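Please keep the sequence at hand while reading.

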Amino acid sequence: TLTLQAAGEELSLGAVAIEGLVVAPDGEAIDIETIALTGLQATLAWDEAGVLHLPGLAIGVPVRSSADVGPVSAPSPAASTAGSSAPAVADGAAASASAGSAPVRHSSPAPLLTLRSLTLDARKLVLIPAHRPPLVFDKLNVALDELRVADGSPTVQRYELRLSSPGVARDVHVDGAVSREGEAMVVDMALLTQGLDATVVAALMDEASPQPSLEDGTLSLSMRAQVLSGPNGLQAGLSLADLSLSDGGRRLLGLKRLSVDEVLLGDGEVVVGEVIIDSPFVYVSRDAEGGLHLPGLFLKAAASAAATSAARPADGAAAKEVQAQVVSVAPAPESAGGASRDKTGAPALQVRLAHFSLLGGRVQFDDGAMAEPLTSELLFAMDVAGLELGDEPQPTEISLVVSVPGSLERLVLAGQMVAATNSPSADLTLRGRGVTLASVASYLAPVARPALDDGRLSLRLQAGVTAHELGGQGLSLALSDFAFREGADG
């Protein structure tokens with residue numbers, strides 16, 4: 001056991017064991033049976049400059065501001081010549097001599113590494129950032145089985161991570177594997193986190209900002225990711241399943257499946273084959289004081305937020321100044337050769353999505369701020385076909401279906417949109433039926449009450465943004481075919 005200690009810092013390596021180490025004579029293969037590190041214990045601190053302090057050792061380069069760095073003057077040609085003892089050589093001769101004398105180097109391939117078993121068992125780790133609460137890990141276990149690194153590409157038959165951090169999570173368990181399917185690297189992972197606690201994160205937040213609210217949360221999911229580096233760029237795919245977040249037995253967030261297929265990151269473009277989101281669920285509630293509870297997050301009521309803003313007039317003044325800048329009209333972006341460009345002059349990013357589908361979405365809302373607590377649901381689905389973002393994209397077909405049981409039987413927004421960089425446009429129709437507004441009756445009383453049994457709504461919306469002849473951009477908006485009636489023949 002090796003233990004190093006200094007003021008406020010500690011590093012104890014515990015026991016380190018390496019067994020079955022074999023290195024090939026030519027250095028092209030390394031085989032290790034077991035590496036085990038047990039009993040690790042450390043207290044590590046960072047100062048304000050970002051330097052990590054270990055017992056008797058500081059790691060890192062201090063971060064200096066521009067005020068700490070003095071001006072640097074360029075050396076004069078005379079001084080450079082006087083300080084050099086080498087004779088002057090003509091440019092062509094220098095280039096020729098350099099080309100003739102440069103040795104030819106061949107990079108040797110990385111050695112094949114095989115590790116049968118790796119274990120790390122830490123007793124306690126304490127991380128102390130500057131001016132931040134310490135982060136304590138009272139359990140940290142890492143295990144790898146059959147690690148193999150060939151040509152710089154790793155595979156792991158099984159990996160496992162377990163950790164515990166008071167004020168963050170009682171138990172985090174991650175396990176999975178890293179494999180290869182053809183030329184693609186595949187990462188499988190399963191996550192189960194229990195006892196999620198927002199104590200440490202809340203200590204870092206300002207009182208006026210949204211507050212983390214988990215007290216005894218549970219998060220679980222499984223994931224598979226595929227990555228392949230091909231001649232046309234980086235190709236990737238992602239599959240996420242059985243996502244669930246709950247707190248104290250209350251389900252807050254859920255997702256049956258997320259699938260992202262055939263993602264290609266090329267030169268100046270992103271191409272995605274298909275994205276499917278299946279059965280997303282979100283729980284939202286409002287308490288008696290009007291505070292809004294989102295999954296893992298709490299937003300104070302408007303009265304509390306206003307009181308906090310009044311206590312800090314300087315922040316309010318800064319906010320007003322920003323708003324004044326936002327409403328100013330900027331000139332339309334210029335383009336060269338018909339293609340839009342970013343601030344660096346490079347062509348703007350082009351994005352294409354073949355198909356997006358959202359199935360069976362549900363939002364549950366419980367309102368405890370009313371005289372009688374209310375519960376309502378919003379059901380939704382969405383379909384997008386042929387989405388293109390760029391200079392001259394093809395029209396995109398879009399449809400959104402929404403229903404609110406007890407208040408709205410069905411509302412459909414459908415049509416086409418063109419997501420052009422400089423001139424986006426949309427032509428959409430809205431059709432609704434079964435409008436009763438029963439779930440909002442409590443919000444209207446006693447001033448009004450719903451008087452619909454089967455309300456019907458229809459309209460057409462056309463909108464577009466184009467460059468204006470006087471400079472800047474112009475917005476066109478047209479609303480037509482509007483009708484709102486009671487019943488099909490109302």
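Gly406 takes a positive phi near 90° in the hairpin of strand 26 and strand 27, where 3 residues lie between the strands. The model is a predicted one. Strand 26 covers residues 396–404 and pairs with strand 27 in the antiparallel sense over 8 bridges.

With strand 28 (residues 425–435), strand 27 pairs in the antiparallel sense over 10 bridges. The hairpin that joins strand 27 to strand 28 runs through 4 residues, and Gly415 stands opposite Leu428 of strand 28. Strand 25 (residues 374–390) runs parallel to strand 27 (residues 408–420), with 2 bridges between them. Here Leu389 has Ala419 in strand 27 as its bridge partner.

Val187 has Ala225 in strand 15 as its bridge partner. Ala225 is in turn the bridge partner of Leu238 in strand 16. Strand 16 spans residues 233–247 and runs antiparallel to strand 15, to which 13 bridges join it. Strand 15 and strand 16 form a hairpin, and 2 residues lie between them.

The pairings described above are listed here.

| Strands | Sense | Bridges |
|---|---|---|
| Strand 15 and strand 16 | antiparallel | 13 bridges |
| Strand 25 and strand 27 | parallel | 2 bridges |
| Strand 26 and strand 27 | antiparallel | 8 bridges |
| Strand 27 and strand 28 | antiparallel | 10 bridges |

How many helices and strands are there in the protein chain? There are 6 helices and 30 strands. The protein chain has 490 residues, and 26% of them count as buried. Among its contacts with a separation of 6 or more, 51% are between residues 24 or more positions apart. The accessible surface of the protein chain is about 30,000 Å², and carbon and sulfur atoms hold 60% of that.

One nonpolar surface patch of about 400 Å² is made by Val16, Ile18, Leu21 and Val23. Val16 belongs to strand 3, residues 15–19. Is Val16 buried or exposed? Val16 counts as exposed because its relative accessibility is 55%, and exposed means over 50%.

Terms used. Residues numbered from 1 in each chain as written. Predicted model: local features only at pLDDT ≥ 70, side-chain atom pairs only at ≥ 80, totals over all residues. Heavy atoms only, no water. Pairing = 2+ DSSP bridges. Buried < 20%, exposed > 50% of the residue type's maximum accessible area, 1.4 Å probe, protein only. Contact = heavy atoms within 4.5 Å. Areas by Shrake-Rupley, 256 points an atom, 1.4 Å probe, with all protein chains shown as cover. Patch = residues over 30% accessible without salt bridge, like charges linked within 9 Å, V, L, I, M, F, W, Y side chains within 5 Å. Salt bridge = Lys/Arg side-chain N within 4 Å of Asp/Glu carboxyl O.
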